[in-house]
Amino acid sequence: CVDDPYLDEQAQAIQKEHTSKIIVAYEALKTIGTGNNLSVSDFESAAQQITEAFGKVPVLYGGSVKSDNVTEYEAVADGYLVG
């Protein structure tokens, strides 16, 4: 899901005392501009990878969130980025 070979490197560049100020909004590259949303299990996997890299940070789901699909993500997202 998170197909970024530099994720750990990016996380290490942020000093640990600043991680409490981080909020990550995630949308998969394959869904940007398509109107399609990522499956809940794929988002959950991406959020887990982000959390493993950065520590416990809020991870918002930002891929084509609509009133008819937002409840699907409630158990795994810390919030939503609606655009």
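**Entry 1: Tyr-73 and the rings**

I started with Tyr-73, which counts as buried at 0% relative accessibility. Buried here means under 20% relative accessible area, exposed means over 50%, and partly exposed is in between, with a 1.4 Å probe and protein chains only. This is a predicted model, where local features need pLDDT of at least 70 and side-chain atom pairs count only at pLDDT 80 or more, while totals for chains, interfaces and linings use all residues. Residues are numbered from 1 along each chain as its sequence is written, and side-chain values use heavy atoms, with hydrogens and water left out.

Next I looked up the ring pairs, and the structure holds four aromatic pairs. Rings of Phe, Tyr and Trp (its six-membered ring) pair if their centres lie within 6.5 Å; planes under 30 degrees apart count as stacked, over 60 as edge-to-face and the rest as tilted. One of the pairs is Phe-43 with Tyr-61, edge-to-face at 5.0 Å centre to centre and 75° between the planes. Phe-43 sits in helix H2 and Tyr-61 in strand E2, 18 residues apart, and the pair links distant parts of the chain. I checked burial for both: Phe-43 is buried at 0% relative accessibility, and Tyr-61 is buried at 0%.

Tyr-61 also pairs with Tyr-73: the ring centres are 4.2 Å apart and the planes stand at 10°, so this pair is stacked. Tyr-73 lies in the loop between E2 and E3 and Tyr-61 in strand E2, so the pair ties together parts twelve residues apart in sequence. I noted that ring pairs link Tyr-26, Phe-43, Tyr-61 and Tyr-73 into a cluster.

**Entry 2**

I then went through the secondary structure and found two helices and three strands, in the pattern α-β-α-β-β along the sequence. Helices (H or I, at least four residues) and strands (E, at least two) are DSSP runs, numbered from the N terminus.

The three strands form an open sheet in the order E1-E2-E3, with parallel pairing. Strand E1 (24-26) and strand E3 (79-80) are at the edges with a single partner strand each, so one side of each has no neighbour in the sheet. Two strands pair if DSSP finds at least two bridges between them. E1 and strand E2 (residues 59-61) have three bridges, in the parallel sense, and the bridge partner of Ala-25 in E2 is Leu-60.

Where does helix H2 lie? Helix H2 (residues 40-54) lies across E1 and E2 and runs at about 155° to E2. Axes are lines fitted to C-alpha atoms, for helices over the stretch in contact (heavy atoms within 4.5 Å), and angles run from 0 to 180 degrees between N-to-C directions.

**Entry 3: two loop residues**

I picked Thr-31, in the loop between E1 and H2. Is Thr-31 buried or exposed? Thr-31 is buried, with a relative accessible area of 4%. Leaving out residues up to four places away in sequence, Thr-31 touches Asn-36, Asn-37 and Leu-38.

Lys-66 is in the loop between E2 and E3, and at 41% relative accessibility Lys-66 is partly exposed.

**Entry 4: the whole chain**

Finally, I noted that 35% of the 83 residues count as buried. The C-alpha atoms fill a box of roughly 40 × 25 × 20 Å along the principal axes.
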